[in-house]
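Grab a pencil and work through these exercises with the model open beside you. Each task comes with a solution in steps.

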Amino acid sequence: MLYYLFEYLDKTMDVPGAGVFQYITFRSALALILSLMISTIYGKKIITFLRNQQVGETVRELGLEGQTQKAGTPTMGGLIIIIATLIPVLLLTKLNNIYIILLIVTTLWMGSIGFIDDYIKIFKKDKQGLKGIFKVIGQVGLGIIVGSVLYFNPYVTVRERSNKVLNFNQTETIVSQSPSEIKSTVTTIPFTKNNELDYAKIIEWTGEGYENWAWLVFIPIVIFIITAVSNGANLTDGIDGLAAGTSAISVLALGIFTFVSGNVILSSYLNIMYIPNSGEMTVFISAFVGALIGFLWYNSFPATVFMGDTGSLTIGGIIAVLAISVRKEMLLPVLCAIFFAENLSVILQVSYFKYTKKRFGEGRRIFLMSPLHHHYQKKGYHESKIVTRFWIVAILLAIVSIVTLKLR
């Protein structure tokens, strides 16, 4: 909204300084500051409201140290993240940008699913919350929407590779072939020299005109990624500051990818895929990072609020959509390896338990407890030590991911 106001002031009234709102970097910095202020200043008011409404965490008998002390701590704190993200986004972004629209829909969609789940747990006294099948239906529904928009919307394009070379300081431009913007299902493969894969090629064997049916491959892939990442974030939210901290690191790395992929000069200099209009997502990412950091002010050990599924499902959904939009979804197993490990630990634990129970008559376990962070708790590590070390791993993974811009 402010973006359009200052655009009007700049173009029609020639107000000095109004043109600064045209710069993504300025709006991103402003979004970060604004979201950080909202989440820290008004976060306390939201926590007080949740406490007054008795929206508290119930004790689950997990046999973990310090478990009983957490009983009654306000949950649904994901509302802080959602509010602190959306307000700067609505004020500072181009709201007609298709990527921004998708991210706003994702935030509200996944936030609603998480809110319903938390509501059932707290007010209906059902520890299971929303049934798994309904969560999956919601995730699949979002995947269909996101996949369909990214595939069919005419404003979602990529720049064709060409012999165009732009040097970084813009003092010289050499053009031997004019690039064009095209609809494409091309994505990026990390750590490879010829690092592009077209999903349409998967059904090339069907014969002529196979490109028209690429959506049959692309949309299911989008559904799988959104479901996997949102569940991974949900499982990671188990101890104070873990999900918010690791997510902020991953999202910050995605912000770098988004900025360079949406900038024609930088993308050409780095020889990566240029995605028109995607740079606007940098403003959203800045607001999101600010909201996550502000939430950590209250969620760090000992937490005075938990994000609940309202926050964790939203975080996972946003990360997945960001990665898909910027054509970096194949980098998620590296960038979000924490989520992947948490998911995998649960799958392995459950599968091995069922297998050994059928084979030997009694279930056996690989980990002392799953998800993975609870395994380390059972081994006697303090929550703060586990979280700090997971953050360090997340930083290393983010650095490795960023290095792929040139390492291929």
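**Exercise 1.** In which helix is Ser230 found? Then work out whether Ser230 is buried or exposed.

*Solution.* Start with the place: Ser230 sits in helix 6, residues 215-236. Helices here are DSSP runs of H or I with at least four residues, strands are runs of E with at least two, and both are numbered from the N terminus. A quick word on the ground rules: this is a predicted model, where local features need pLDDT of at least 70, side-chain atom pairs count only at pLDDT 80 or more, and totals for chains, interfaces and linings use all residues. Residues are numbered from 1 along each chain as its sequence is written, and side-chain values use heavy atoms, with hydrogens and water left out.

Next, the surface: Ser230 has a relative accessible area of 0%, so it is buried (buried is under 20%, exposed over 50%, partly exposed in between, with a 1.4 Å probe and protein chains only). Finally, leaving aside neighbours within four places in sequence, the contacts of Ser230 include Met110, Gln139 and Ser312 (contact means heavy atoms within 4.5 Å).

**Exercise 2.** Find how the axes of helix 7 and helix 14 cross, and which kinds of residue make the contact.

*Solution.* First, the geometry: the axes of helix 7 (residues 242-261) and helix 14 (residues 383-403) come within 9 Å and cross at roughly 10°. Axes are lines fitted to C-alpha atoms, for helices over the stretch in contact, and angles run from 0 to 180 degrees between N-to-C directions. The two helices are therefore roughly parallel to each other (angles under 35 degrees count as roughly parallel, over 145 as roughly antiparallel, 65 to 115 as roughly perpendicular and the rest as oblique).

Now the residues: helix 7 brings Ile249 and Phe257, among others, and helix 14 brings residues including Phe390 and Trp391. The contact divides into 12 nonpolar, 3 polar and no charged residues (Ala, Val, Leu, Ile, Met, Phe, Trp, Tyr, Cys and Pro count as nonpolar, Asp, Glu, Lys and Arg as charged, and the others, Gly among them, as polar).

**Exercise 3.** Which residues does a cis peptide bond join at Pro302, and where is Pro302 found?

*Solution.* The bond joins Phe301 and Pro302, with omega about -10°. Pro302 lies in the loop between helix 9 (281-299) and helix 10 (308-325).

**Exercise 4.** Is Arg327 buried or exposed?

*Solution.* Arg327 is in the loop between helix 10 and helix 11 (332-335). Its phi is positive, about 60°, although Arg327 is not a glycine. With a relative accessible area of 8%, Arg327 is buried.
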